[in-house]
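Please read it alongside the sequence and the coordinates.

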Amino acid sequence: MPKVLISDKMDPKAAEIFRERGIEVDEKTGLSKEELAEIIGEYDGLAIRSSTKVTPKILEAATNLKVIGRAGIGVDNIDVPAASSHGVVVMNTPFGNSITTAEHAIALMFALARQLPEADTSTQAGKWEKSKFMGVELTHKTLGLIGAGNIGSIVADRAHGLKMKVAAYDPFLSEERAIELGVEKVTLDELFARADFITLHTPLTDQTRGIISAEAIAKMKPGVRIINCARGGLIDEAALKEALESGHVAGAALDVFVEEPAKENALFGTPGLISTPHLGASTSEAQINVAIQVAEQMSDYLIDGGVTNA
Ligand code: MLT
């Protein structure tokens, strides 16, 4: 009987599915890397979210491991080349949390446009600072979408509903797909020059790391607002801090940070910054979706070698 370890907090549906499929399952969260290395040799499958870091050391100890399932999209907490060299298949669930993440980006866009967190804090402090919180409308504004994949295309759809114009930069976006999505395909420099709001929906790779650099910010419209629900490393945080302080960037809403958990960050306290603790995928619906998907995909693989989203 194959044996799976769930090492991050996951909806109970995942364990239920493994058991229904005849797979033994242990749920052990909050393990240190040493504790994980000590027990990983017992398992055929490892189901994780973002907390577990699958390093070459863990993979060396994982002598029976056949599959790692990431209940979510990003696999940047897994050393994928090392996994492949050990013959371990890595799977993710690219669709289960896309709507939820797109909705968080839209929520942050509204929060930026109307300074909602600051207005809430001020109101609850009894200040009633009505004139301090002048906002901007979203209607007819240009949303610059960096990345028009699963999540980006849902953001574009919702932005159309808000009567925004959407300009998209994505090297993998064809003209046909751009037409289908109703977005204008642009270069990165065009996007920087035209966008009132910029939202990031791209994985963190060597090509995208620091895509929002000091140089990129200098090309943006003064007063631009930036949303990041993708990965922290896409933005040069020091450059963003400087731009918020100078007012060139009017606001930034960050769900993700270079270092996570971001218990301390030089950006904290900067005027115009809104932050959330990597909540992009945190809805009950999305967590059920990804738990079901990861458990089904991993069970298929362990039982009869079926491969999905690897
Ligand atoms: C993802 O990659 O799926 C999201 O960032 C959410 C998560 O980390 O679970």
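## Helix α11 and its cover

The buried residues of α11 are covered by elements that include α10 (214-218), β11 (249-254) and β12 (273-275), where helices (H or I, at least four residues) and strands (E, at least two) are DSSP runs numbered from the N terminus. A residue counts as buried if 20 or more other C-beta atoms lie within 10 Å of its own, as exposed if 12 or fewer do, and as partly exposed in between, with C-beta atoms placed from the backbone. The model is a predicted one, in which local features need pLDDT of at least 70 and side-chain atom pairs count only at pLDDT 80 or more, while totals for chains, interfaces and linings use all residues. Residues are numbered from 1 along each chain as its sequence is written.

In α11 (residues 237-246), the buried residues are Glu237, Leu240, Ala243 and Leu244. Viewed down the axis of α11, these buried residues fall within an arc of 120 degrees (taken from the directions from the helix axis to the C-beta atoms), so they line one face of the helix. The face turned away from that buried side carries the exposed residues Glu245 and Ser246, and just after α11 Gly247 takes a positive phi of about 90 degrees.

## Domains and cores

The domain assignment, which is automatic or taken from a database, gives domain 1 (3-96 + 284-304) and domain 2 (98-275). The centres of domain 1 and domain 2, taken over C-alpha atoms, are separated by 32 Å. Six residues of domain 1 are in contact with six residues of domain 2, contact being defined by C-beta atoms, placed from the backbone, that lie within 7 Å. On the side of domain 1 that touches domain 2 there are three nonpolar, one polar and two charged residues; Ala, Val, Leu, Ile, Met, Phe, Trp, Tyr, Cys and Pro count as nonpolar, Asp, Glu, Lys and Arg as charged, and the others, Gly among them, as polar.

A nonpolar core is a set of buried Ala, Val, Leu, Ile, Met, Phe, Trp, Tyr and Cys residues joined through C-beta atoms within 7 Å. The largest such core has 54 residues, of which Leu145, Val155, Ala156, Val166, Ala168, Ile227 and Val249 touch the most other members. Helix α5 (residues 98-113) supplies the largest share of this core, seven residues. Leaving aside neighbours within four places in sequence, Val155 is in contact with Ala102, Ala105, Ile106, Leu145, Thr199 and His201. A second, separate core of 34 residues includes Met10, Ala14, Ile23 and Ala71.

## Surroundings of the ligand

Around the ligand lie Arg49, Ser50, Gly72, Ile73, Gly74, Asn97, His278, Gly280 and Ala281, a residue being near a molecule or strand if its C-beta atom, placed from the backbone, lies within 6 Å of it. This shell divides into two nonpolar, six polar and one charged residue.

## Backbone features in loops

Most residues other than glycine have a negative phi, and most peptide bonds are trans. Gln115, in the loop between α5 and α6 (116-124), has a positive phi near 50 degrees and is buried, with 20 other C-beta atoms within 10 Å. His140, in the loop between α6 and β6 (142-146), has a positive phi near 70 degrees but is exposed, with 10 other C-beta atoms within 10 Å. The peptide bond from Glu260 to Pro261 is cis, with omega near -5 degrees, and Pro261 lies in the loop between β11 and β12.

Note on methods
Contact = placed C-beta atoms within 7 Å.
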